[in-house]
Amino acid sequence: MSIFSKKLKELDTLQYEAFISKQNTIVRAGPGSGKTTILTMKIADLLNNNIKEPRGLACITFTKDAAKEFSNRVKKLGVKPRENVYLGTLHAFCITQIILPFKLTSTKHISTDIANSSELKKIFTEIKDSFLKNYNIEQLPSNLNELDEYRNSCFVGISKLEIEVNGIWEEFISVYEKELITLNKTDYIFLVKQAIKVLTENQNIRNIIEAKFKWLLVDEYQDFNKLFHELVLVLKEKTDIKLFIVGDPNQSVYSFMGGSHEYFYEFYEDRSFKVINLQNNYRSTQDIVNASASFLNIDDIEFIAINKDKLKTKFQFITCETGWKDQVKYIAETIIPSCDTNKIPRDEICILASNNYRCKNIQSELLKYNIKGRINKDELFNNEIIQFIITIMKYLTKNDYSFNFIINTWFKMKTQSGLAVHDSLYNRERLFFYKVLEESRTYLNDINNWISKIIELLQLENIINGNENYTEITEVKKYFFEEEIITVNQKIEKLFPPNELVISTRHSSKGLEFDVIILLEMEDGKFPSTNVTDEYSKFIEEKRLFFVCITRAKKDVYLLKSASQWELAEEKWVKKDLISSVFFDEVLTICSDIGINYDVKTLNSDV
């Protein structure tokens, strides 16, 4: 039996209903409901059984990691490489499927040269200085991030949702984007805006996209911002492309990027869409499902844990004496040994922290107890150049990823570095790239030789020099360098070591799952960082983020806080008492009220 056939038999009733739907469909998929399975099975079925070549489909993911995961799964489901299949982020979709084809059919120039952060900050500062001649500083955006959040959220288009337009800021944006055009530059926001404009005004481009893609599938729609939503709306209203949208409004946690669950609900309430609410949870125990649903007051869907009857959950509420280091000590001396005794693999344990800086603190502190931890989505590890090389390594040694996926990434990287390949040279560049990869197989027995050859043959230094966001070539070489001769396959194993616990930021934990989840610094002012009266919308979003965190757990949840911490006051270190997080207290109350197994411990520094 093929993997596809086996997966098809495993679909539950609601999953199967989504799988066979042939109309515009929106799927509300809670934690552990199998949304990735549904999307990849849908892609495989459409390509193998429904969409005849040369037409294909596009699947837009929220992150590059998700695109890689989808590509791997679709390949395992038996989908063979074919033309007119797009799997990737929306920004790359705008470049490769809208703007570049438009540039080939129009005399109008649209730059795909992404300005670096220094260039953008310089433009912003100069415009702000000029605006201060006519406006008070309070009337203007305080920084570039604030301006970008507004640009992502307040675009006027097809959507019927109300937005608050700021006239002064709109004038500021107009000058800002005209300056980008003058400099023959763009940024990711302006890129999407121009793609929307091209789609809206150019019937030929819409015809091209419609001819290529019969379906558009979209993942994590609750995190889409207004711009992304408007682009999808244009495709819905002005083409015959069918839409398959998946998301969970309860996991909308990217408002700082303009994301909002309101855009999901606009389709959810659209009568032209078939609405499917997945109910089964294949990840967590019923206790975790019930506690998380009660925490968010979810009462319109009853979530049911599947195949978790034999697992017993216990929520652990731990109060340490002083600061986050005491919490790490408890993890090292109590939680980890307990997990070892219960034969829970270290890589099934995840510590969640507020930010990358704290993740690195925790990693260093754990080493004092001879415990190694791997930081999920480490900054250097997730650099696009590093990830691109790792993808090639896996393609050559483990047959992971398709050649089409890698070559599309290569074309996108060249475009972002100002080295876009003209359509007439597409096949030549594709053949060149394939030959380079095949030639590099000769060097797979020595990672140092292989990485040097790949950098040389692909001229990666030119790619890196064209994009400030890419890691310097010396850092790339340093990242892969080994003192002793090891194979490329051995280097992959070193990069992905088994049985190391995972340390992650709360946001980066989305999409992951572990037997044990450990949440640190559950104190007032830290998580949540705001309170319900000061910033209601931000407080509610932090509640959703906490929901995301605890629903990563398959079995056990640990919530850790400290009774006090040391603070510097008037050049003296003083111990300050800390208050419990309202989230800590609320979940404790829920466990008590609905009969979930839990334990409460208060420790001193000697424990």
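Glu521 sits in the loop between strand E13 and helix H23, where helices (H or I, at least four residues) and strands (E, at least two) are DSSP runs numbered from the N terminus. The model is a predicted one, in which local features need pLDDT of at least 70 and side-chain atom pairs count only at pLDDT 80 or more, while totals for chains, interfaces and linings use all residues. Residues are numbered from 1 along each chain as its sequence is written, and side-chain values use heavy atoms, with hydrogens and water left out.

The backbone at Glu521 deserves a look: phi is near 55°, a positive value in a residue other than glycine. With 7% relative accessibility, Glu521 counts as buried (under 20% relative accessible area; exposed is over 50% and partly exposed in between, with a 1.4 Å probe and protein chains only). The loop between E13 (514-519) and H23 also holds Pro528, and the peptide bond leading from Phe527 to Pro528 is cis, with omega near 5°. Another cis peptide bond joins Glu53 to Pro54, with omega near 15°; Pro54 belongs to the loop between H3 and strand E2 (56-61). A positive phi, of about 50°, is found at Gln459, again not a glycine, in the loop between helix H19 (447-457) and helix H20 (460-465).

Turning to aromatic residues, the structure holds 33 aromatic pairs. Rings of Phe, Tyr and Trp (its six-membered ring) pair if their centres lie within 6.5 Å; planes under 30 degrees apart count as stacked, over 60 as edge-to-face and the rest as tilted. Tyr150 and Trp169 form an edge-to-face pair, because their ring centres are 5.3 Å apart and their planes stand at 65°. This pair connects distant parts of the chain, with Tyr150 in helix H7 (residues 144-153) and Trp169 in helix H8 (residues 167-182), 19 residues apart. Both partners are covered: Tyr150 counts as buried at 9% relative accessibility, and Trp169 counts as buried at 11%. Phe295 and Phe546 make a tilted pair, since their ring centres are 4.9 Å apart and their planes lie at 55°. Phe295 is part of helix H13 (residues 286-295) and Phe546 of helix H23 (residues 536-550), so this pair ties together parts that are 251 residues apart in sequence. Phe295 and Phe546 are both buried. Elsewhere, ring pairs link Phe388, Tyr395, Phe403, Trp410, Phe433 and Tyr434 into a cluster.

The axes of helix H1 (residues 3-10) and helix H3 (residues 35-50) come within 11 Å and cross at roughly 125°; axes are lines fitted to C-alpha atoms, for helices over the stretch in contact, and angles run from 0 to 180 degrees between N-to-C directions. H1 is therefore oblique to H3, given that angles under 35 degrees count as roughly parallel, over 145 as roughly antiparallel, 65 to 115 as roughly perpendicular and the rest as oblique. At this contact, Phe4, Lys7 and Leu8 in H1 meet Met41, Ala44 and Asp45 in H3.

How values were computed
Contact means heavy atoms within 4.5 Å.
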